[in-house]
Amino acid sequence: MSAPLVHFKEDAQRVAADLRHRGIIQTAMGKYEVVRDQRKLWFQDWQGARNLAARTKFEAVNHLDTHLGELAKNLEARGTKVHWASNAEQARNIILGILREKQAKVVVKSKAMTSEEIHLNDAMEKAGYEVVESDLGEYIVQLREEPPYHLVFPAMHLTRGEIKDIFQKKLNDAPSDDPEELTMVARRQLRKKYIQADVGITGANFAIAETGMISITENEGNARLTAALPKTMITLVGIEKVLPRYEDLALFLPMLAVMGTGQPLTCYNTMYGGPRQPGEADGPEEYHVVLLDNQRTLLLADAEQRDALGCIRCGACLNVCPIFRNVGGHTYGTVYGGPIGSVITPHLRGLQEWKHLSYASSLCGACTETCPVKIDLHHHLLQNRRNASAPTSGKPSFFQRLAFRMFAPVANNAALWDLTTRLGRVGQVMHRWIRGSAIDPAQAWTKTRELPPIAKQSFREWWEERKNISDQASSNGEISKN
Amino acid sequence: MSERENILTRIKEALSQEAHAHHGRGLPTVAEQRQVLPRVGATVDEQFALFAKNANDLRATFKLVGREAELATELKALSAAEQWQRVATHVGALTEVAVKLLGLPTLTTNEGYDKHELERCDVGISECDALIAQTGTVLVTSRSAGGRALSCLPPHHVVIARREQLVPDLPAAMALVKQKYADNFPSMISFITGPSRTGDIERILVLGAHGPKKLTIFCL
Ligand code: SF4
């Protein structure tokens with residue numbers, strides 16, 4: 001078993017049985033579902049909107065080279081420095097290089113999953129910089145030294161009590177466990193940092209090729225301040241975030257808000273097109289945009305699953321996923337969790353090591369159904385299963401082969417199959433004595449679940465019986481009504 | 001080869017295999033967008049009513065004020081209630097009227113300013129580029145609203161708009177930005193939809209996370 005698989009199994013088992021965790025997630029998701037569904041009705045045609053969004057992303061992703069070139073050209077035209085990073089290390093080095101050149105001390109960050117992806121905070125802290133996350137949820141998990149729990153709600157697994165405790169411990173400032181007061185603690189603490197910080201780092205939700213702009217969606221205003229006050233601004237953005245035209249935002253901004261949080265529009269949707277321009281009151285003197293590949297081109301090369309690059313990270317597929325809701329965000333052990341994470345992680349980080357995520361799904365299709373850009377998520381999970389067991393990716397394990405060698409002759413022979421079913425009925429009576437114990441061969445299942453009994457009558461037996469009755473009936477001159 | 005070329009080459013190679021367009025091809029037209037986006041009434045009155053309703057849902061305050069005198073009364077009432085000591089603003093026809101009415105010490109951001117001083121202001125008064133009926137949004141830019149921080153750092157953001165600035169929907173707002181600034185975009189364009197908020201603690205709504213706790217929109 002790969003290390004990520006071991007971690008997944010252990011955590012999944014622990015979290016799924018944790019009733020407290022279950023309660024928190026159910027409450028949070030319950031509230032979300034109600035508003036999200038109201039907002040979908042607010043659209044004149046939500047399904048039509050999904051189609052348009054899917055089409056837009058298809059054009060964006062399938063002409064990525066053109067759009068990316070245009071984006072870079074337009075950004076540069078107004079004084080932005082564009083950097084290209086093929087992998088995480090290059091991206092870290094570029095950013096560390098800028099910090100060194102600017103002789104920075106304090107770095108303030110707004111939410112960026114890409115920075116989690118390249119372990120940027122670690123690298124900056126090791127290099128001696130003070131790094132402060134400014135999104136409230138990110139700030140809380142940073143204080144707890146944890147990764148974010150969810151793409152959109154990083155601290156949704158915590159109660160106000162736990163948040164009060166960490167504020168008390170790390171900041172010595174926690175008047176009560178009232179969410180409003182706790183938010184004001186963070187507000188006070190972070191105000192100082194925006195003003196102090198030499199460099200602000202942000203992520204991006206969209207990159208507009210036509211106008212050369214980075215679009216950032218947020219509710220708190222932390223990204224606005226990160227982009228306004230420090231002298232240098234850096235945006236780290238995955239190359240797949242490109243949208244061709246400015247007007248595409250008219251569709252994507254409300255769709256992201258509806259699916260992300262159930263809002264009509266997120267509080268601040270802001271486009272940055274460069275450093276402070278002549279005649280402007282403020283803004284950074286320098287603006288750097290780092291375009292990150294980090295295996296995205298590998299996913300792009302898979303024509304079947306290329307659409308997964310259209311993901312707008314709204315988190316909706318996580319919210320509806322029965323697996324996510326049971327095992328929680330940290331169990332995945334990945335930056336991107338839930339269905340979309342299970343689809344792309346094997347591409348980004350290695351199929352064999354991460355193939356177990358393709359099985360972290362009931363294949364119910366709720367993710368595909370909800371995705372605003374119509375990514376075919378659950379089929380991609382199936383494709384990953386197929387690819388992982390393809391002859392080129394190595395043999396299945398000894399036990400798997402043994403099991404199928406025994407199963408095949410039974411399944412191919414009616415008499416043997418019959419016999420096995422009959423034996424099973426007898427066996428299940430005796431199974432009662434050992435059910436769930438260490439010597440139970442089905443222990444993995446029975447420890448926490450009921451094993452459904454084998455039906456009293458098999459289909460074939462029922463069919464035989466039915467045929468006999470109707471034969472009799474017709475020989476009696478009656479017409480079968482069934 | 002530079003990293004730029006490396007990445008672009010990898011993209012080109014990856015794209016040499018064509019993907020199936022399951023949901024059709026071609027960028028949608030604005031008309032297509034309008035068919036799916038939320039409905040907006042055709043008349044200006046309907047649109048103002050919609051803007052007012054949306055602003056209310058967002059916990060912003062929206063007031064249509066007839067004349068300057070009415071604006072003066074409203075502003076003075078706000079100022080007294082919140083005990084404003086210091087006002088931040090930018091150069092502009094509407095903001096100048098407002099600031100004169102208030103007669104308080106004023107920080108004007110246009111020529112650059114001290115961040116600490118802006119942080120000490122009780123209110124940021126700005127103009128805007130448009131009001132969007134569909135979503136209750138105020139559209140500001142670094143050029144129309146005194147830079148990047150004025151509309152975000154002080155605890156109360158007061159917007160003074162003119163009636164003609166109302167646009168029906170998001171596609172109209174996007175078109176307006178492109179038309180107004182196409183040859184020279186401001187470095188920041190922000191769609192502000194309600195006062196700053198967070199739900200990061202138990203998904204409970206708290207206003208004023210990092211940006212303003214209050215957003216007031218006066219429309220002359
Ligand atoms: S895959 Fe779709 S639903 Fe999931 S986060 Fe991405 S855009 Fe949202």
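1. In this predicted model, the buried residues of α7(B) are B:Leu170, B:Pro171, B:Ala173, B:Met174 and B:Val177. These residues lie on the same side of α7(B), because the arc they cover around the axis is only 165°.

2. Helix α7 of chain B runs over residues 170–181, twelve residues in total. From first C-alpha to last, the helix reaches 17 Å, close to the 16 Å expected at 1.5 Å a residue.

3. What do the buried residues of α7(B) pack against? One partner belongs to chain A, namely α12 (249–261). The partners in chain B are α2 (30–36) and the strands β5 (130–132), β6 (137–141), β8 (166–167) and β9 (188–192).

4. As background, nonpolar side chains in soluble globular proteins tend to be buried together.

5. Leaving aside residues up to four places away in sequence, B:Ile217 touches B:Ala55, B:Ala60, B:Thr61, B:Phe62, B:Leu131, B:Val138, B:Val159 and B:Ala161.

6. Chain B as a whole: its secondary structure comes to seven helices and twelve strands. The chain has 220 residues, of which 48% count as buried. Its C-alpha trace spans about 65 × 45 × 45 Å along the principal axes. Among contacts in chain B with a separation of 6 or more, 68% are between residues 24 or more positions apart.

7. For chain A, the domain assignment gives domain 1 (43–294) and domain 2 (315–393). The C-alpha centres of these two domains of chain A lie 25 Å apart. Their contact takes 16 residues from domain 1 of chain A and eleven residues from domain 2 of chain A.

8. Which elements give two or more residues to the side of domain 1 of chain A that touches domain 2 of chain A? They are α3 (46–62), α6 (113–117) and α12 of chain A. The largest share of that side, four residues, comes from α3(A). By class, the side of domain 1 of chain A that touches domain 2 of chain A has nine nonpolar, three polar and four charged residues.

Note on methods. Residues are numbered from 1 along each chain as its sequence is written. Chains are lettered from A and ligands numbered from 1 in the order in which they are written. This is a predicted model: local features need pLDDT of at least 70, side-chain atom pairs count only at pLDDT 80 or more; totals for chains, interfaces and linings use all residues. The expected span of a helix is 1.5 Å times one less than its number of residues. A residue is buried if 20 or more other C-beta atoms lie within 10 Å of its own, exposed if 12 or fewer, and partly exposed in between; C-beta atoms are placed from the backbone. The arc is that of the directions from the helix axis to the C-beta atoms. Two residues are in contact if their C-beta atoms, placed from the backbone, lie within 7 Å. Domain bounds come from an automatic or database domain assignment. Ala, Val, Leu, Ile, Met, Phe, Trp, Tyr, Cys and Pro count as nonpolar, Asp, Glu, Lys and Arg as charged, and the others, Gly among them, as polar.
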